[in-house]
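Please look through the sequence and the model shown here before reading on. The report after it goes through the structure topic by topic.

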Amino acid sequence: MSDIRHSLLRRDALSAAKEVLYHLDIYFSSQLQSAPLPIVDKGPVELLEEFVFQVPKERSAQPKEQTKDSVRQSIFSSLFSPQGNKADDSRMSLLGKLVSMAVAVCRIPVLECAASWLQRTPVVYCVRLAKALVDDYCCLVPGSIQTLKQIFSASPRFCCQFITSVTALYDLSSDDLIPPMDLLEMIVTWIFEDPSVLQVLMTLQLHLTEKNLYGRLGLVLFDHMVPLVEEINRLADELNPLNASQEIELSLDRLAQALQVAMASGALLCTRDDLRTLCSRLPHNNLLQLVISGPVQQSPHAALPPGFYPHIHTPPLGYGAVPAHPAAHPALPTHPGHTFISGVTFPFRPIR
């Protein structure tokens, strides 16, 4: 019926009405040959209403827009998805120029397509796109980063994926892999304007629980934490002679906060022994010690053992079940007064 309708739309009203009746005559004649009573489908009725009774067909703009977006995303993906062949270099070069131009003219549909591309493409290619944008807006023309900075309100999704790619690009392993100060200031501004880049772990637990994956699907890999902690330890050693104890302590506080939220939300799956071993070389930090060996938060999920994160298999020292023969053991020492209370955040100290 859709082909017939497109044909009718090109006719005048009278000619279209006659054509509808002609097609309906053929349609019902065909049905009567196989059944005593014809079945009136929705398609013929809609044609009658639109072209005979002149009732405008109601068309929702949203599905049409969604279809248009889907087509755009499919075309973008077919153009720029890496194929592992010689064409990838040309493909990435063209993609960098396209996205850079989209940033310059604030072309939101292209930025949204690029955000989806960054989300599902291997990190090695995402890093190349991020580097192309950093070169264009942080290195080539002084002051041009203001153009990149302004797209945050136009496409927060692209900015979020861009931050993730930049994080993978700059691993601080050499002078070339230290992010420019302008870039850091821009990202800090974005995060201050919308801290939901940061709050994603807080909402993760609900989504994992709904899908029955809480405590079973680790989204933050423990192997990825190892180089991060090693890098923090290396920087702390370098800063030690510079009387930067406050800065080191603040960095360790931030690490402790991130670990606590990642474990509580079920994003980081590891045992406490693994965590203690990982953090053993770091300078002493009260908050970090509380996270890796303090009491654990009561689980709100009935199916999980009380008093444990779903992925923690070793209870902290001094906590857990009462010994079978209490008289044979000295009284357990009391733990410091710091406790984990659901809904209470860590103390925040701003960077000065």
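## About the model

This is a predicted model, in which local features need pLDDT of at least 70 and side-chain atom pairs count only at pLDDT 80 or more, while totals for chains, interfaces and linings use all residues. Residues are numbered from 1 along each chain as its sequence is written, and side-chain values use heavy atoms, with hydrogens and water left out.

## Salt bridges

Side chains of opposite charge can pair when their charged atoms come close. A salt bridge here is a side-chain nitrogen of Lys or Arg within 4 Å of a carboxyl oxygen of Asp or Glu, and a search of the whole structure finds 9 of them. One of these joins the side chains of Arg128 and Asp89, at 3.3 Å from N to O. This pair links distant parts of the chain, with Arg128 in helix α7 (residues 123-140) and Asp89 in helix α5 (residues 87-105), 39 residues apart. Helices are DSSP runs (H or I) of at least four residues, and they are numbered from the N terminus. Arg128 is partly exposed, with a relative accessible area of 37%; on this scale, buried means under 20%, exposed means over 50%, and partly exposed lies in between, using a 1.4 Å probe and protein chains only.

Other salt bridges lie within a single helix. Lys131 and Asp135 meet through their side chains at 3.2 Å, N to O, and they are separated by about one helical turn because they are 4 residues apart in helix α7. Lys131 is partly exposed at 43%, and Asp135 is also counted as partly exposed, at 27% relative accessibility. In helix α12 (residues 222-239), Arg234 and Glu231 are 3 residues apart, and so are separated by about one helical turn; their side chains form a salt bridge at 2.4 Å, N to O. Arg234 is partly exposed, with a relative accessible area of 32%, whereas Glu231 counts as buried at 17%. Salt bridges that share partners join Glu231, Arg234 and Glu238 into one network.

## The buried face of helix α3

In helix α3 (residues 42-51), the buried residues are Gly43, Pro44, Leu47, Glu50 and Phe51. Seen down the axis of α3, these buried residues fall within an arc of 135°, so they line one face of the helix; the arc is that of the directions from the helix axis to the C-beta atoms. The elements covering the buried residues of α3 include α1 (2-8) and α2 (13-32).

## The nonpolar cores

In soluble globular proteins, nonpolar side chains tend to be buried together. A nonpolar core is a set of buried Ala, Val, Leu, Ile, Met, Phe, Trp, Tyr and Cys residues joined through side-chain atoms within 4.5 Å. The largest such core has 39 residues, and those with the most contacts inside it are Trp117, Phe158, Phe162 and Leu183. At least two residues of this core come from each of α4 (61-80), α5, α6 (108-120), α7, α8 (145-149), α9 (156-169) and α10 (181-193), and α7 gives the most, with 9 residues.

What does Phe158 contact, leaving aside its neighbours within four places in sequence? Its contacts (heavy atoms within 4.5 Å) include Val99, Val103, Leu111, Ala114 and Leu133. A second, separate core of 21 residues includes Met225, Ile232, Leu282 and Ile292.

## A serine in a loop

Ser81 lies in the loop between α4 and α5, and this residue is buried, with a relative accessible area of 17%. The side chain of Ser81 reaches the backbone oxygen of Ser77 at 2.7 Å. Not counting residues up to four places away in sequence, Ser81 touches Arg91 and Trp117.

How many disulfides does a search of the whole structure find? It finds 0, where a disulfide is a pair of cysteine sulfur atoms within 2.5 Å. For Cys139, the nearest cysteine sulfur is that of Cys138, 5.9 Å away, and Cys139 counts as partly exposed at 48% relative accessibility. The sulfur of Cys279 is 8.8 Å from the closest cysteine sulfur, in Cys270, which is too far for a bond; Cys279 is buried, with a relative accessible area of 4%.

## An exposed lysine

Lys97 is found in helix α5 and counts as exposed, at 58% relative accessibility. The C-alpha atoms of Lys97 and Leu129 are separated by 9.3 Å, although these residues are 32 residues apart along the chain.

Key. A polar contact is a pair of N or O atoms within 3.5 Å; within protein, one must be able to donate a hydrogen and the other to accept it, and residues adjacent in sequence count only if both atoms are side-chain atoms.
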